Amino acid sequence: MEELVRRIQEDGNVLSDGVLKVDRFITHQVDPVLMEHIGARLAEVFAEKKITKVVTIEASGIAPAIYAAQSLNAPMIFARKAKSLTMDEELLTSSVYSFTKQVTSTISISRKFLNEQDRVLIVDDFLANGQAAKGLIELCQQAGAQVEGIGIVIEKSFQMGRELLEDMGVPVVSLARIESLENGKVSFKQADA
Ligand code: G4P
Ligand code: NA
Ligand code: NA
């Protein structure tokens, strides 16, 4: 997605060989116009899949996911990282290990929001090692829902996430693909859409 790549070039900051800071438009301050375009693009790519639910994880997956859901005319569900006080009903849960933070956390979605009739599009802002998306796939599997695809805003292609998810049999579509962040410079690969 040309608009996204340009924005990363203009407003992204390389923090290290492994980390790209995008807090000016995605992860802290959010550009709603860009997010709407991202959501619409993902919806277009998955238009034939009869998506019934868009699933993401809090916090920064929510913005692109809500616009994808709006374009697909489906609800958006975000998995929670902490147990909500009002989540007393039955939960779907899975463990997510973060290589970056070296901690395992539990993510959850209320069982009542996903069922075996659902055809799910998973959306997230970053794909690194793929552990968050894998946890979301597991939540969907517990509900008997079919995961039709994964839509990613920024894929760090030098990490193993994409391979992990494709090995699970789920198609991955990334709107920007980063080959390397070496020498303070963002090098892109051809994006999927
Ligand atoms: P993984 O799910 O792909 O395995 O990712 P990992 O554990 O490595 O990433 C942990 C968190 O860091 C995730 O956000 C992820 O989106 C984010 N992240 C990964 N790589 C980058 C990067 O290069 N730049 C930025 N800005 N973020 C990155 P989180 O902390 O779980 O969620 P959120 O509450 O910030 O959305
Ligand atoms: Na994030
Ligand atoms: Na995220």
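Two strands are said to pair if DSSP finds at least two bridges between them; helices (H or I, at least four residues) and strands (E, at least two) are DSSP runs, numbered from the N terminus. The structure is a predicted model, in which local features need pLDDT of at least 70, side-chain atom pairs count only at pLDDT 80 or more, and totals for chains, interfaces and linings use all residues. Residues are numbered from 1 along each chain as its sequence is written.

Strand E3 (residues 53-57) pairs with strand E7 (residues 119-127) in the parallel sense, over three bridges. Opposite Val 54 stands Leu 121 in E7. An open sheet is formed by six strands in the order E4-E3-E7-E8-E9-E10, with mixed pairing. At its edges are strand E4 (76-79) and strand E10 (187-189), each of which pairs on one side only. From one strand to the next, the twist averages 25 degrees.

Helix H3 (residues 62-72) lies across E3, E4, E7 and E8 and runs at about 180 degrees to E3. Angles run from 0 to 180 degrees between N-to-C directions, and axes are lines fitted to C-alpha atoms, for helices over the stretch in contact; contact means heavy atoms within 4.5 Å. Helix H2 lies across E7, strand E8 (146-156) and strand E9 (172-180), at about 120 degrees to E9.

Helix H1 (residues 2-11) packs against helix H2 (residues 32-45) at an angle of about 140 degrees, and their axes are 10 Å apart. H1 is therefore oblique to H2 (angles under 35 degrees count as roughly parallel, over 145 as roughly antiparallel, 65 to 115 as roughly perpendicular and the rest as oblique). The contact involves Glu 3, Leu 4 and Arg 7 of H1, together with Leu 34, His 37 and Ile 38 of H2.

How values were computed: Chains lettered and ligands numbered in written order. Heavy atoms only, no water.
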